[in-house]
Amino acid sequence: MKNSNRLLRLLPDLVLVLMAAVVLFPVFYGLMGAFKTPQEFSSYPPTLFPESFRNLDNFRYVFDMTPMLRYYLNSLIVATLSSTVRMFLAVFAAYAFVFYRFPGHRFFFLLMLTTMMLPPDVLVIANYQTVSGMGLLDTYLGMCIVSFVGASQMFMLRQQFMTSPVALHDAAMLDGCGDFRFIFSVLLPTARPVLITLFLQSFLAQWNTYLWPLLVTNRNSMRTVQVGITMLTTIDATNYEVILAATFVTMLPTMVVYLILRKAVSHAMSSGALIS
Amino acid sequence: MKRVLLMLAILLLVCSVGVAEPVKLTLWHSMTQEAGQLMDAFVKEFNETLGREQGIEVEAVFQGKYSEAVTKLNSVLSSGQTDNLPDVMQLDATGKVSFASAEMAYPVDRALQEHPESDLSDLLAPALANWKMGGVQLGLPFATSTTVLYYNKSAFDALGLTVPGTLEGIASLAGSGLEKDGDGSRTVFACLPNTPTLANWLGQLGSNLVNRTNGTEGTASALECVDNGALLEFLKTWKALYESGVLENGEGSLDAFVAGKQLMMISSSSNVTSLLEKIGDSFELGVTFYPRVSEKAAEGATVNGSCLVIFDQGEARRNAAWTFVTWMTGPDVQATFARGTGYLPSNVKASDSSAWTELVSQYPQYEVGLRQVLQTPDTMHSVTVGPSIDFYYGIQNWVSDMLEQDLTPEEAAQGMAEDLGGMLEQYVRANPS
Amino acid sequence: MEEEILGFTMFFCLLKKFQEVFLLIYYKSNGARQRHLPGQNSVKGILFLLPMLTFAVIFVFYPFGQALVQSVSVVNFRGEITGFAGLDHFRYLFGRKEFSSALRNTLLLCGVNVPVTVVLTLLLAWMCRQKSPFHSIMETAFALPMSVSMASISLVFKVLLNPTAGYLNYITGLDIRWLTDRRTAMYGILIITIWMGIAFNFLLFLSALRAIPGELAESAALEGASSLRIFMQIQLPLLSPTLLYVVCTNMIQALMTNGPILILTGGGPARSTTTMIYLMYSTGFSSSNYSLAACVSIIAFLMTLTFTLLLFTTEKGRVHYQ
C-alpha cells in the first residue's frame, strides 16, 4: 500500500523526465551528429553516438571556412538592438492599451495584432525600397528597423498589465507619480519573468533571421551567423555533419544568453510571487 | 611627434600619387563550402597577378543561394538604385530573365564589340550556348554541370548485370534480384521528374518542354510537348516503369544511395566529388549517361550550372569586369575549379591540362559528364520559365498523381497542359515580351 | 471540383463570419471594461502608442497596402505595377488544385497543433509549478528548445526522420518514409511544429502559475478539493489571460506555417504539405508572381483575422484579469 502510494507520488516526476528526454532528444541527436564523419552518416545502420568525440574536424571546418567570430558580433548587435527597441515600444503600447482609453482603442489593438498575420515575404521588396531610400543599406539600423514592431510582445504585456489593479495606477497618478516612473518602478518590476521571457524570445528570433539581413547588406563584414550556415551548406544540404556543427556553433551563444537570463527569470519568478 | 605626423602625411601623399587608385570591382557569388573558398582564392590570385598589373581589385561577396541572390537583384532593380548593383554576378538559370531585362546589363556581345581581341572559342560550346537568351549572349559559363545517372556498380556486378541505358531497360530490371538486400529489400531506382529532367527526356524525343525553344528565344507561353505526343509517350513509359515495381515514386535521396539502400539515382554531375568522399570504400560508384526514354530516343542531357554576368558601372569598371570574367573562365581557373568541386571545366583548354587528365585517369567517373555534354544534340536546350518554382513542383505533382491516384497518362498530360500552361499564361500577361 | 466548391463555400462563410464578429466587437467595445472615463487622458494614451504605430505603418501597413494594390493589378517580375487585373488573380487562384489543398492543410495543421501544444505545455508547466531543484532542471530542459532556431531544428529532424540515414525508423523498427510519403508527410511536419512551440508556451504558463498565490490552492486542498477541481476552479481562471495569449499566438503561428515546409518538403509530396503561406511563397514570391503572392496573403490574412476575432469574443466573461 505504502509502496504503491510512493510510486504514485513519483509518477508525475517520471512522466516529466520521460517528456524531457523526448523533447531534448532531437537537440542531443543533432549535437552527436556534429562529431560524426561523413562516412558515419552514410553508413547503415545509423548510429546515435559518434565513433569518437575527439573528432572536432567539423567544428574546425566551420571556423576555417567562415569568419564566424565577426558574424557573432554582428548577430549580437542586431539581435540586442532590435529586441531592446522592440521591448520598449511594446511596453509603451501595452501601457497605453491597458491604462488609457482613447478613440479607436480596441481597433488599434487589433490593428497591432494584424502585424503578426502578414507573411514577411510579401513585405520584403517594398521594405527594401524604403530602407534603401533611407540610405540604411549596409547598416545595423537597416538590418533592425523592420523588426521594431513586436505585436506578440505587446499582446503578452497587455495580458500581464491587465492583471495589475486599476486602483494602483489611479493612486499613483493622484500621488503625482509620472507615467514613466509608474512604468519603470511599479509596473515592470512585477512583470519581470514575463519581460525576460519575451526579450529572450525576441532575441532568439532576431538571432535566427536570415533573408532580410542578407538583402540589406552588401559587405562580408556585415553578415550574420545564419548567412554563415548557408555558406557551409551544399545545394542539396546533405553534408549533415558540417551543418549540424555549424548549427551548434551558432546556437551556443543563444544557449549562454538563455542560461544567464534563466537565472534572472527564476529569481524574478520567486520575487514576483511575493509581490502579488 | 608633430614631425612624425608630418612625415607620415608626406609619405601617404607620395604613395597615393605614386600608385594609381585601382579600379574596385564587386563580385556577387553563390558558391558555398570548398567552392566558396575557391572563389575567394581565385579572386585573391587575380588581385595579386593580373589585377595588380592592370590596376583592378575585386571583392567577392557571398549573396546567399542563387534564388536569394536573384531576389536581391530584383529588389535592387525595382528600387532603381543601380549603384547598389555589383560589377560581376554569378547567376543560375532563374536569374536569366532579371538580368536580360536590366538596363544596366552589359551582355557579352557588347563586350566583344569593345574588345575585339577577346576570343571565346576555347569555351565549351554547349555551356556557352546555355547562357544565350533571345539571341543575346548574357554571360560566360563559370560552373558547368549536367545531369547523369549514378549507380551502385558493386551491386550490379555482384549479379552480373550491366546498367541499362534506357527507361525501358530499367523497367526490365524487375525480378533481377537487385531489389533484395540480404533478408530485407532495397530500392532499385527512385526519381520524380521535374523541369530539367523532364526537359531532357522530351529533348531526347525531339521535343521542347515549352515553346520559344524552351524559353530561350523569348518568354515561354505554353507547353510544346503536348500536341506532338512527346509528353504522352514519356508519361506512358514512366507509368510502365512504375508498374514494373522498379521505380519508387519520390525524389530519392542521396543518403539512401550512399547507404546502399537505393541503387540508381539521377543527379548533377557536380555531385561526383561529394559522392566519392561519402561512399569511401563501401562500394564502387558507377556513373553513366542520362538514361534515354527508349532505344529510338537521342542520347544526352542539357547543361546546367551558373554563369558570370556584368553590370555596366561606367567604362573603366566594365572593362575591368570583362578582364576579370575572361580570366575566371580561362583554362587555369577552370581546371582548378573542376578538380576542386566536381564541376565540368567550362574551358576546353582546361580539359587538356594535366590537372584534369590526372584526375580523370584516377577517377574515370569525372569524365562521363563532359563526354555527355559534347554528345548531346545542340537542339536540346535547358528550360527557362518565369514561374520556375511553381512549374517545377507542378510537374512533380502531376506525375505523382498519375502514379498514385491512378490517372491515365492521357489525363495527366491534359492536366499538365492546362495547369502548367496556365502558369505560363499568367506570367506572360504580367511580363509581356 | 468538389474540393473547389468546398473551398469557395468555406471562404465565403469565413467572410460572413468576419463581418458578424466585426460588428459584434464594434458594438461591444463601447461597453467594454472601463478603467477610466472615456476621453480622459486620451492624448497621452495615443502618445504612448505612437512609436509602435509609426513603425508599423512604415514597415508593415504601407507595404501591405502595396500588396493590396498588387492583388488587383498586373505586376511584372520586378514587382512593378503595369496594369489593372481586377479579380482575375483571385479567380485563377481559386481554380488551382493547390489552393484547396493549401486551405485544407492549413486548417488541419492549426486544428491539431494548437490544442496539442496548449494542453501539453499547460500540463508540463502544472507539473513543474512547485519550486524544487528537480523542477529547476526540468524547467531548463523544456525551455532549452527555445534557443534552437527553426532552420536548425528542421535540419536535425530532416536527418532524424530520414528513412535510411535517420535514427527514428531504425530504433523503432518502423519503415515509414516520413517526409516523402504523401500519407505521412503532414505528421512529420506536425511533430516538428509542435516541438517548436513547447518551450515558449511552457515558460509563460509556468510564470503565470507561479504568480498565483499558493494559499489559494492550499486552503482549497484543506477543504478537501481534488487537484483537478482546484485547477479548474482556481488556477485556470487565473491563468486565463496567459491562456488567451498562448492560444491566440499559437493559432496565428500555425496558420502562418511556412519555414519547416520550405526546408523539408517543398509543399510535397504531391501538395500534401502545402500550406497557405507556402503557397504564397512558391507560386507567388519565388516564382516572381507578386500579384498571386498578394492574393494568397490577403486570403490567409482574412482567415487568420477571422479566427482571432472569434477568439477575442470569448475574452469578455471568460478571461479574468483578477
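Hi everyone, and thanks for coming. Please keep in mind that we are looking at a predicted model.

Let me start with chain A and chain C. Here 104 residues of chain A are in contact with 99 residues of chain C. About 9300 Å² is buried between chain A and chain C, and carbon and sulfur atoms give 76% of that area. Within chain A, the residues that lose the most area to chain C are A:L16, A:R101 and A:M117, which together account for 8% of what that side buries.

What about salt bridges between chain A and chain C? The rule finds one. A:D179 forms a salt bridge with C:K44, and the closest N and O atoms are 2.6 Å apart. On the side of chain A that touches chain C, the residues divide into 74 nonpolar, 21 polar and nine charged. As for polar contacts, six residue pairs are counted between chain A and chain C, both partners being at pLDDT 80 or more.

Now over to chain C and chain B. This contact takes 33 residues from chain C and 35 residues from chain B. The buried area is about 2700 Å², with carbon and sulfur atoms giving 43% of it.

Between chain C and chain B the count is nine salt bridges, along with 14 residue pairs in polar contact, both at pLDDT 80 or more. Several elements of chain C give two or more residues to this side, among them α3 (88-95), α4 (97-127) and α13 (290-312). The residues on the side of chain C that touches chain B divide into 12 nonpolar, 12 polar and nine charged.

B:D401 forms a salt bridge with C:R182, with the closest N and O atoms 3.4 Å apart. C:R182 also meets B:E404 in a salt bridge, at 2.7 Å from N to O. B:E404 counts as partly exposed because its relative accessibility is 35%.

Next comes C:R96, whose side chain meets that of B:D419 in a salt bridge of 3.5 Å, N to O. C:R96 lies in the loop between α3 and α4 of chain C and B:D419 in helix α21 (residues 409-430) of chain B, so this pair joins two chains. Are these two partners buried or exposed? C:R96 is buried, with a relative accessible area of 4%, and B:D419 counts as buried at 11%. Salt bridges that share partners put both residues in one network, which also includes B:D390, B:D401, B:E404, C:K97, C:E98, C:R182 and C:R271.

Over all chains, the structure holds 34 salt bridges. One within chain B is between the side chains of B:D87 and B:R317, at 2.9 Å from N to O. B:D87 sits in the loop between α4 (66-79) and β3 (88-92) and B:R317 in helix α15 (residues 315-328), so the pair ties together parts of chain B that are 230 residues apart in sequence. B:D87 is buried, with a relative accessible area of 0%, whereas B:R317 is partly exposed at 28%.

Another residue to look at is B:K261, in the loop between α13 (254-258) and β11 (262-268) of chain B. B:K261 is buried, with a relative accessible area of 18%; the cut-off for buried is under 20%. The side chain of B:K261 makes a polar contact with the side chain of B:D181, at 3.4 Å. Leaving aside neighbours within four places in sequence, the residues in contact with B:K261 include A:Y44 and C:T164.

Last stop: helix α18 (residues 354-362) of chain B. Which of its residues are buried? They are B:W356, B:L359 and B:V360. These residues cover an arc of only 95° around the axis, which puts them on the same side of α18(B). What covers them includes α16 (331-341), α17 (348-352) and α19 (367-375) of chain B. The face turned away from the buried side carries the exposed residues B:S354, B:S361 and B:Q362.

That's my tour, and I'm happy to take questions.

Methods. Residues are numbered from 1 along each chain as its sequence is written. Chains are lettered from A and ligands numbered from 1 in the order in which they are written. This is a predicted model: local features need pLDDT of at least 70, side-chain atom pairs count only at pLDDT 80 or more; totals for chains, interfaces and linings use all residues. Side-chain values use heavy atoms; hydrogens and water are left out. Contact means heavy atoms within 4.5 Å. Buried area is the accessible area (1.4 Å probe) that two parts lose on being put together, summed over both. A salt bridge is a side-chain nitrogen of Lys or Arg within 4 Å of a carboxyl oxygen of Asp or Glu. A polar contact is a pair of N or O atoms within 3.5 Å; within protein, one must be able to donate a hydrogen and the other to accept it, and residues adjacent in sequence count only if both atoms are side-chain atoms. Helices (H or I, at least four residues) and strands (E, at least two) are DSSP runs, numbered from the N terminus. Ala, Val, Leu, Ile, Met, Phe, Trp, Tyr, Cys and Pro count as nonpolar, Asp, Glu, Lys and Arg as charged, and the others, Gly among them, as polar. Buried means under 20% relative accessible area, exposed over 50%, partly exposed in between (1.4 Å probe, protein chains only). The arc is that of the directions from the helix axis to the C-beta atoms.
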